[in-house]
Amino acid sequence: DDAFITGRATEINPRVAGYVAALYVDDNQHVKAGDLLLQIDPADYEASLAQSVASLDAARSKVADAQSQIALAEATERSAAADVASAEAAAINASRVLERAQLANAQVKEAVSGQEIDQAKSDARTTAAALTSARAKAAEAKAQTIARKADLATANANVRQSEAAVKSADLNLGYTKIVAPVAGRITHRTVEKGDYLQSGQALFAIVQPELWVVANYKETQLELMHKGQPVTIEVDAFPDRKLSGHVDSFQRGTGAQFSLLPPENATGNYVKVVQRVPVKIVFDETPPADMILGPGMSVVPTVKIR
């Protein structure tokens, strides 16, 4: 007589907080998988999504700007490289002019005037300084190109972050609509329109139509029981009607072993108590529609072992 009908009950909880804008179900109502059950006020989440989308647009704009800055920096770098080449040519030419003038004077005294020598030396120093300056500007241009590429990498990272924020905001907006994950009947409803809900709060449960019996037989009754044996099931609520079923499976462990405080037989005085083992019994056919059955109802199953 320690046997009850049981089934699967799916607890429904919100994933986001907010006020209940609309409630579409009532106690004991049958729902199908995918049916809209409840609507949380979406205004805050719509605003958050709009803000995230605007941030994403701004981040993408910065990427475009960073790309144009890279193009400009690369053009400047190419121009600086050309200036270096020109300065190198001028410096080489001035150096050669000075060398030729000095060589001519070495071969023939005063073949080149002192004024010309001084001018050649001045030109050589000027072109050398111009080359040094051009190389410095080229290095600066290259550094600017590297910096602009770093800015582009940062801008792309901000875009990815903004895309994630948009996705999160869109998900949260979607979570304001709570739909039925399975088909069944609404039970234990604790929510009303206008309530403020917290994330994870229990709202109601959906009891699925599949039912079975868990019979807690004494361990001394299990010797001749095995899977597949026929079972006659009497429901206390319908004493004049019997249902047929069969043994489906046996729990690997007693009910006490999986209780909140399992027994610790190795401590204190020991008194042997016959334990009970949950046995799952399934109905051979779906119970008639006029028999209102649900989890927790008492039954008396009789297993035919011979």
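First, some ground rules. This is a predicted model, in which local features need pLDDT of at least 70 and side-chain atom pairs count only at pLDDT 80 or more, while totals for chains, interfaces and linings use all residues. Residues are numbered from 1 along each chain as its sequence is written, and side-chain values use heavy atoms, with hydrogens and water left out. Helices (H or I, at least four residues) and strands (E, at least two) are DSSP runs, numbered from the N terminus.

Let us begin with an open sheet of four strands, whose order is 5-4-2-7 and whose pairing is antiparallel. Two strands pair here if DSSP finds at least two bridges between them. At the edges are strand 5 (177-179) and strand 7 (196-197), each pairing on one side only. Strand 4 (residues 36-40) meets strand 5 in the antiparallel sense over three bridges, and Leu38 has Ile178 of strand 5 as its bridge partner. Strand 2 and strand 4 also run antiparallel, joined by three bridges; here Val20 has Ile40 in strand 4 as its partner. Strand 4 is mostly covered, with four of its five residues buried. Buried means under 20% relative accessible area, exposed means over 50%, and partly exposed lies in between (1.4 Å probe, protein chains only).

Rings of Phe, Tyr and Trp (its six-membered ring) pair if their centres lie within 6.5 Å; planes under 30 degrees apart count as stacked, over 60 as edge-to-face and the rest as tilted. By this rule the count is one aromatic pair. The ring centres of Tyr19 and Tyr196 are 4.9 Å apart and their planes stand at 65°, so the pair is edge-to-face. This pair links distant parts of the chain, with Tyr19 in strand 2 (residues 18-23) and Tyr196 in strand 7, 177 residues apart. Tyr196 has a relative accessible area of 42%, so it is partly exposed.

Elsewhere, strand 9 (residues 230-235) and strand 12 run antiparallel and are joined by five bridges, with Glu234 opposite Val300 of strand 12. In a regular strand the side chains alternate between the two faces of the sheet.

Next comes the largest pocket. On a 1 Å grid over the protein atoms alone, a pocket is an open set of points where a 1.4 Å probe fits, with protein on both sides within 12 Å along at least five of seven lines, and lining residues have an atom within 4 Å of a point. The largest pocket holds about 650 Å³ of space. Of the 24 residues that line it, Arg185, Pro209, Leu211, Leu293 and Gly294 are the closest to its centre. Strand 6 (184-187), strand 8 (204-218) and strand 11 (276-283) each supply at least two lining residues, and strand 8 gives the most, with six.

There is also a charge over a ring, which requires NZ of Lys or CZ of Arg within 6 Å of the ring centre and within 35 degrees of the ring normal. Lys280 lies over the face of Trp212, at 4.5 Å from the ring centre.

Helix 1 (residues 43-107) is the place of Arg100, which counts as exposed at 52% relative accessibility. Arg100 is 20 residues from Ala120 in sequence and 9.7 Å from it in space, C-alpha to C-alpha. Asn93, also found in helix 1, is partly exposed at 47% relative accessibility. Between Asn93 and Asp123 there are 30 residues of sequence separation and 9.4 Å in space, C-alpha to C-alpha.

Now back to the loops. Most residues other than glycine have a negative phi. Asn28, although not a glycine, has a positive phi of about 65°, and it counts as exposed at 52% relative accessibility. His188 lies in the loop between strand 6 and strand 7. Although not a glycine, His188 has a positive phi of about 55°, and its relative accessible area of 67% makes it exposed.

Definitions and conventions
Points joined across faces, edges and corners; volume = space filled by probe spheres on them.
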